[in-house]
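Subject: Structure handover

Hello,

Here is the structure for you to look over. My notes on what turned up follow below.

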Amino acid sequence: MAAIPAIEISRLMRPRSIAIIGISPEPSSAGFLALRNLEEFDYRGAIHLVSRNQTNIGDRACLRAIDDLPDGVDAAMLLLPRVAIEDAVAACARRGVGGVVVFAAG
């Protein structure tokens, strides 16, 4: 039996930068709550917001697309419809994102 290769997840588990993809300004939305938690618990890394519909969430600027992220973001939260997940994961891979957590609906 062939050995199963180890998967490196340290960037996902201890990220120095996080992208919230599909964030909404709605206070009860998962992305908004994630951002609020990062801020309340004094996360010190870079936070990147991606929204096709918003230019800002509070005082934070939003990027329009995953391809606009800087290279090498450590972790990304995908808050997208199920149909958009495959393309989003591929875009994260192109940008060198270390790991993704998917919250999909539909």
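A residue is called buried under 20% relative accessible area, exposed over 50%, and partly exposed in between. Ile9 has 44% relative accessibility, so Ile9 counts as partly exposed. Please keep in mind that this is a predicted model.

**Ile9 and its patch**

Ile9 sits in the segment before α1 (10-13). Together with Ile7 and Met13, Ile9 makes a nonpolar surface patch. The area of that patch is about 350 Å².

**Salt bridges**

How many salt bridges does a search of the whole structure find? The count is seven. Three of these pairs are described here.

Start with Asp74 and Arg16. Their side chains meet in a salt bridge at 3.4 Å, N to O. The two residues are 58 residues apart, so to speak, in distant parts of the chain. Asp74 is in the loop between β4 and β5, and Arg16 is in the loop between α1 and β1.

Next come Arg60 and Glu39. Their closest N and O atoms are 2.8 Å apart, in a salt bridge. This pair also links distant parts of the chain. Arg60 is partly exposed, with a relative accessible area of 25%. Glu39 is partly exposed too, with a relative accessible area of 40%.

Arg44 has 73% relative accessibility and counts as exposed. Asp42, with a relative accessible area of 43%, is partly exposed.

As background, side chains of opposite charge can pair when their charged atoms come close.

**The backbone at Asp42**

Asp42 is placed in the loop between α2 and β2 (46-50). What is phi of Asp42 near? The value is near 60°, which is positive, and the residue is not a glycine. Most residues other than glycine have a negative phi.

**Cysteines**

How many disulfides does a search of the whole structure find? The search finds zero. Cys62 is in no disulfide, and the nearest cysteine sulfur, that of Cys92, is 16 Å away.

**Ser29**

Ser29 lies in the loop between β1 (17-21) and α2 (30-40). At 15% relative accessibility, Ser29 counts as buried. Which backbone oxygens does the side chain of Ser29 reach? One is the backbone oxygen of Ser24, at 3.4 Å. Another is the backbone oxygen of Glu26, which lies 2.8 Å from a polar atom of the Ser29 side chain.

**Pro70**

Last, Pro70. Pro70 is in the loop between β4 (60-63) and β5 (75-81). Pro70 has 37% relative accessibility, so Pro70 counts as partly exposed. Which residues does Pro70 touch, not counting those up to four places away in sequence? They are His48 and Arg95. As for Asp87, Pro70 is 17 residues from Asp87 in sequence. In space, the two are 18 Å apart, C-alpha to C-alpha.

**To recap**

- A search of the whole structure gives seven salt bridges and zero disulfides.
- Ile7, Ile9 and Met13 make a nonpolar surface patch.

Best wishes

Notes: Residues are numbered from 1 along each chain as its sequence is written. This is a predicted model: local features need pLDDT of at least 70, side-chain atom pairs count only at pLDDT 80 or more; totals for chains, interfaces and linings use all residues. Side-chain values use heavy atoms; hydrogens and water are left out. Helices (H or I, at least four residues) and strands (E, at least two) are DSSP runs, numbered from the N terminus. Buried means under 20% relative accessible area, exposed over 50%, partly exposed in between (1.4 Å probe, protein chains only). Contact means heavy atoms within 4.5 Å. Patches are made of residues with over 30% relative accessible area and no salt bridge: like charges are joined within 9 Å, nonpolar side chains (Val, Leu, Ile, Met, Phe, Trp, Tyr) within 5 Å. Accessible areas come from the Shrake-Rupley method with a 1.4 Å probe; for residues, only the protein chains shown count as cover. A salt bridge is a side-chain nitrogen of Lys or Arg within 4 Å of a carboxyl oxygen of Asp or Glu. A disulfide is a pair of cysteine sulfur atoms within 2.5 Å. A polar contact is a pair of N or O atoms within 3.5 Å; within protein, one must be able to donate a hydrogen and the other to accept it, and residues adjacent in sequence count only if both atoms are side-chain atoms.
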